[in-house]
Amino acid sequence: MKELRDAIYSQLANGTALTAALGGTAIYHLHAPENTPLPYVVYSWQGGGDLNIDPNETNESVQFVRVYAATDAQAGTIDGLIRARLHRQGLSVT
């Protein structure tokens, strides 16, 4: 799971438009530090596991990625940037 967390962080943090909109790499796993200024992104594992559909070790993982922002418009803009970095994109998991 650590490798997947690292891959998600890297995919988000390497998005220059996203980090510009956040004012830096305000991307956190599980929760943001107390008093973190808006906007920021938090992501966490929500579910999944082994599929058991064939002899291969195949599994699914559901990740919950959310943005906290001062306005709906700002949240919507950042959401679009997150979606562009994650939706239908490959992750480099090492």
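**Surface, core and rings**

The accessible surface of the protein chain comes to about 6300 Å², and carbon and sulfur atoms hold 49% of that area. Areas come from the Shrake-Rupley method with a 1.4 Å probe, and for residues only the protein chains shown count as cover. This is a predicted model, in which local features need pLDDT of at least 70, side-chain atom pairs count only at pLDDT 80 or more, and totals for chains, interfaces and linings use all residues. Residues are numbered from 1 along each chain as its sequence is written, and side-chain values use heavy atoms, with hydrogens and water left out.

Q: What pattern does the protein chain follow along the sequence?
A: The order is α-α-β-β-β-α, from 3 helices and 3 strands. These are DSSP runs numbered from the N terminus: helices are H or I, at least four residues, and strands are E, at least two.

Q: What makes Y28 buried, partly exposed or exposed?
A: Y28 has a relative accessible area of 23%, so it is partly exposed. Y68, at 36%, is partly exposed too.

Q: How many aromatic pairs does a search of the whole structure find?
A: There are 2. Rings of Phe, Tyr and Trp (its six-membered ring) pair if their centres lie within 6.5 Å; planes under 30 degrees apart are stacked, over 60 edge-to-face, and the rest tilted.

Q: Why is the pair of Y28 and Y40 given its class?
A: The ring centres are 6.2 Å apart and the planes stand at 75°, so the pair is edge-to-face. Y28 sits in strand β1 (residues 27–29) and Y40 in strand β2, 12 residues apart.

Q: What class do the rings of Y40 and Y68 fall into?
A: Their centres are 5.1 Å apart and their planes at 25°, so this pair is stacked. Y68 lies in strand β3 (residues 59–68) and Y40 in β2, so the pair ties together parts 28 residues apart in sequence. Ring pairs link Y28, Y40 and Y68 into a cluster.

Q: Which residues touch the most other members of the largest nonpolar core?
A: L12, L22, I27, V41, I78 and I82 do, out of 17 residues. Such a core is a set of buried Ala, Val, Leu, Ile, Met, Phe, Trp, Tyr and Cys residues joined through side-chain atoms within 4.5 Å.

Methods. Buried means under 20% relative accessible area, exposed over 50%, partly exposed in between (1.4 Å probe, protein chains only).
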